[in-house]
Amino acid sequence: MRVWRRRDRMIQIKSPDEIALMREAGLITQRALAAMRAAVQPGISTGELDRIAEDSIRSEGAVPSFLGYRGFTGTICASINEEVVHGIPSRKRKLREGDIISLDCGAIFEGWHGDSALTLAVGSIRPEYQRLIDVTERAIAALRPFA
């Protein structure tokens, strides 16, 4: 890995192999999010979603990024409705119809981290809330890397 200095910051240039490992860590994270997406429904606990994510990540030979970090007890952060970020998963916390949940997940694969989040409606939500989720997803999808 080459390191370039620019002012007071270091820019690390990754090799193609390193980029491939970073991509795999991201794909593992995305598959864990997809498994949780499929399970989100009224009545499921955030603790159960946490178990689903951990099982998904570990089944691919990776480890959860968040679990144990500075004492954090979850594989995911699960924030419901007005909670902003970093909600702690619990078997006691169950989703209800009309909730909005943000799921943040990370995986470490061969030393490289993948980290991503998604926001989901639990059943039917108010149309203006769904519209906000839809517009945000379209805006994110429109982003392109600089080339």
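Helices, of at least four residues, and strands, of at least two, are DSSP runs numbered from the N terminus. The views below show a predicted model.

**View 1. The hairpin of strand 5 and strand 6.** Strand 5 covers residues 100–109 and strand 6 covers residues 112–121. The two strands run antiparallel and are joined by 10 bridges. Between them lie 2 residues, and the strands form a hairpin. Glutamate 110, located in the turn, has a positive phi of about 50°. Isoleucine 100 in this pairing stands opposite alanine 121 of strand 6.

**View 2. Cysteine 77 and cysteine 105.** The structure contains 0 disulfides. A disulfide is a covalent bond between the sulfur atoms of two cysteines. For cysteine 77, the closest cysteine sulfur belongs to cysteine 105 and lies 9.3 Å away, so the pair is too far apart for a bond. The cut-off for a disulfide is a pair of sulfur atoms within 2.5 Å. Cysteine 105 in turn has its closest cysteine sulfur in cysteine 77, at 9.3 Å. Cysteine 77 counts as buried, with 6% relative accessibility, and cysteine 105 is likewise buried, with a relative accessible area of 0%.

**View 3. Arginine 23 in helix 1.** Helix 1 spans residues 16–39 and includes arginine 23. The relative accessible area of arginine 23 is 56%, and therefore this residue is exposed; the cut-off for exposed is over 50%. Serine 65 is 42 residues from arginine 23 in sequence. In space, the two residues are 15 Å apart, C-alpha to C-alpha.

Note on methods: Residues are numbered from 1 along each chain as its sequence is written. This is a predicted model: local features need pLDDT of at least 70, side-chain atom pairs count only at pLDDT 80 or more; totals for chains, interfaces and linings use all residues. Side-chain values use heavy atoms; hydrogens and water are left out. Two strands pair if DSSP finds at least two bridges between them. Buried means under 20% relative accessible area, exposed over 50%, partly exposed in between (1.4 Å probe, protein chains only).
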